[in-house]
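This report is meant for a reader who is meeting the structure for the first time.

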There are 2 protein chains.
Amino acid sequence: MDFALTCPIPIQQYPTVVMAHGGGGRLMHQLIEKMFVATFGGEALNHRHDSAWLELPTSRLAFTTDSYVVRPLFFPGGDIGKLAVYGTVNDLAMSGARPLYLSLGMILEEGLPMETLWQVVLSTAQAARATGVQIVTGDTKVVDRGKGDGIFLNTAGVGAIEHDLTITPQSVRAGDAVILSGDIGRHGIAVMAVREGLEFESTIESDCAPLAEPVLASLEAGIEVHCLRDLTRGGLASALVEIASTAQVGIHLQEALVPVREEVRGACEILGFDPLYVANEGRFVAFVPAGQADRAVQVLRRFAVSEGAEVVGEVLASPEGLVVLESVIGTSRVVDMLSGEQLPRIC
Amino acid sequence: MDFALTCPIPIQQYPTVVMAHGGGGRLMHQLIEKMFVATFGGEALNHRHDSAWLELPTSRLAFTTDSYVVRPLFFPGGDIGKLAVYGTVNDLAMSGARPLYLSLGMILEEGLPMETLWQVVLSTAQAARATGVQIVTGDTKVVDRGKGDGIFLNTAGVGAIEHDLTITPQSVRAGDAVILSGDIGRHGIAVMAVREGLEFESTIESDCAPLAEPVLASLEAGIEVHCLRDLTRGGLASALVEIASTAQVGIHLQEALVPVREEVRGACEILGFDPLYVANEGRFVAFVPAGQADRAVQVLRRFAVSEGAEVVGEVLASPEGLVVLESVIGTSRVVDMLSGEQLPRIC
């Protein structure tokens, strides 16, 4: 697709974003009307008011936010716009909420090619449609050249909670099974590969995807979900360490059961990364009572995004607050939280 | 106050923000637990989950977002944290909603002094408390040195709509009075003065303030409010032009009735600005039926933030879609929307 041809802002006249696009005057209104409102659509945006008015199906809400600063803006399998929609939708899904509405805040750097902005806006709108959420309110700021990095996005999300469970780390208990929704490590490695110009035999694509459908289906099937967590910054290891510590339980993970694709494993070896710590954008863990684990796995496998769901571990009373990795050869070690992450700016 | 002394992160060890503070590992968790959760408090944050769970008093919501990129971070009368709370609370208030919950997304630049971050966090928490809103969910990202500008904030806000009015630009009609809540131009000039190192006889302080109280009091008093608009980027002029154009009415503004403080007028003359276009962060216009204008002004004047409320104009059927400024000497001119704004990054 030639984005320059379809861009609703005349590219000859405004090839790049200028400071005035964030200044509250005519240029900003033109950008908002022609590019944002026209593309994101919806009644709420059409009111042109400071806030969107929403009628909700329930009075119990989930509310969450994430900023997105991924570098580069485009990577195999996704881009910052897709990430900003799926990332926030997934945070809502991890509460078992039905994602409904998103806000979208953009911080643009002066000099950003208008075509790049348009490409991100289109991708954002497409991801929202694919997920069934509406972008109902937004904001645009422009910062001087060298004071930003192309585009930063922020989305906040509102979702309806229609279940009566308490889906939190505190609800995890001894006797729970740990279900992983699929192979790990692809998002982080996909971003890293393009950033560092690494070439592998086949392109590694990000796993970036929305997770609400399999989660809501599990709840509808009556699975008594204790906790859900998507495996973003810090990866599987950090998520489990945090949950074990909050719930004061011992999480025992079978290394052999954790799927890592061959090319991801290879890239991790070259780069010196442990796939357990690499970020994902379409993977999650679910803690459910062991007796319901098989049924939960069956439900999850009905959806492409979680067709690789497997039980990969179990929760015991001890060691309290720790994650133990049991290796293929029968040894075991305590999994620690890293100080930072190996991969900055992957989301 | 010596912020270095009270900072909950040991400043000797971490004098500045490093990439790992956004990496999903131990350093990020330490920052979130010790600085953010401990300061913003509240039950929702204590769940340590991906989203906050909220119980709302109504099923009708207002939802809004703004990013904040003001430069410098601190200015007379405010700072980026105060702005991020009041700005979003005010957008909710402009829908006649009762502000309840905020999300807070931070994009920090590597190298930001930890003390500066702490100072902004304290100010943000204080502003939230002063306004009665809870910060219930947040996110922290760190970008490399030179790819950001200290701190960018994003807040999204959720408020409850407890009235039955349709407070939108479309509701404005001929016969409405235009009420202005106080003197204009202070925020933009305060920021500009410190940025450019200008010195005036007395320091011009930003008007940065929360607006929900006078708005909710007007609604409780039964004033049939047609439209509310806070006068941020683009100032009074841009707000009125946008409303006139949306409602297809003629807004007639009496220049002599629009209060501008002497020192602001002086600074505008030196800088070549028109105060009508200068941004405010604690001023708004209200459109109400002319017959209720006196009563509305009385209600607004009960609050310090709007004690200077005055009727400054009226809405007529013509000229359709335009704002007409009637000057002190009896001439009149059509007020246009500027292309950009004279003052970049004032919010």
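Into which domains is chain A divided? Chain A consists of domain 1 (3-161) and domain 2 (169-335), with bounds that come from an automatic or database domain assignment.

The model is predicted, and local features need pLDDT of at least 70, side-chain atom pairs count only at pLDDT 80 or more, and totals for chains, interfaces and linings use all residues. Residues are numbered from 1 along each chain as its sequence is written, chains are lettered from A and ligands numbered from 1 in the order in which they are written, and side-chain values use heavy atoms, with hydrogens and water left out.

**The two domains of chain A**

The centres of domain 1 and domain 2 of chain A, taken over C-alpha atoms, are 29 Å apart. Contact, which means heavy atoms within 4.5 Å, involves 21 residues of domain 1 of chain A and 24 residues of domain 2 of chain A. Between these domains of chain A an area of about 1800 Å² is buried, and carbon and sulfur atoms give 67% of that area; buried area is the accessible area (1.4 Å probe) that two parts lose on being put together, summed over both. Of the area that domain 1 of chain A buries against domain 2 of chain A, 34% is supplied by A:P76, A:N90 and A:M94, more than by any other three residues.

Across this interface of domain 1 and domain 2 of chain A there is one salt bridge, a term that stands for a side-chain nitrogen of Lys or Arg within 4 Å of a carboxyl oxygen of Asp or Glu. Five residue pairs, both at pLDDT 80 or more, are in polar contact across the interface of domain 1 and domain 2 of chain A. A polar contact is a pair of N or O atoms within 3.5 Å; within protein, one must be able to donate a hydrogen and the other to accept it, and residues adjacent in sequence count only if both atoms are side-chain atoms.

On the side of domain 1 of chain A that touches domain 2 of chain A, the elements that give two or more residues are α4 (80-93) and β5 (97-109) of chain A, where helices (H or I, at least four residues) and strands (E, at least two) are DSSP runs, numbered from the N terminus. The largest share of that side, eight residues, comes from α4(A).

**Chain A against chain B**

The contact between the chains takes 85 residues from chain B and 85 residues from chain A, and the two chains bury about 6600 Å² between them, 54% of it on carbon and sulfur atoms. B:W53, B:F63 and B:R233 supply 13% of the area that chain B buries against chain A, more than any other three residues. Between chain B and chain A there are 14 salt bridges and 37 residue pairs in polar contact, both at pLDDT 80 or more.

| Residue | Partner | N to O distance |
|---|---|---|
| A:R98 | A:E220 | 3.6 Å |
| A:R233 | B:D139 | 2.8 Å |
| B:D149 | A:K147 | 4.0 Å |

Strands also pair across the chains, two strands being paired if DSSP finds at least two bridges between them: strand β1 (residues 52-55) of chain A and strand β2 (residues 60-68) of chain B are antiparallel, over four bridges. Within this pairing, A:L54 has B:L61 as its bridge partner in β2(B).

**Strands and backbone details**

Within chain A, strand β10 (residues 250-254) runs parallel to strand β13 (residues 322-326), and five bridges join them; A:G250 has A:L322 as its bridge partner in β13(A). β13(A) also pairs with strand β14 (residues 332-335) of chain A, in the antiparallel sense and over four bridges, and A:V324 stands opposite A:V334 in β14(A). The hairpin of β13(A) and β14(A) has five residues between the strands, and A:G330 there takes a positive phi near 95 degrees.

Most residues other than glycine have a negative phi, and most peptide bonds are trans. A:Q248, which is not a glycine, has a positive phi of about 55 degrees and lies in the loop between α8 (235-247) and β10 of chain A. The peptide bond from A:S318 to A:P319 is cis, with omega near -5 degrees, and A:P319 is found in the loop between β12 (310-316) and β13 of chain A. In chain B, the peptide bond from B:S318 to B:P319 is cis, with omega near -5 degrees.
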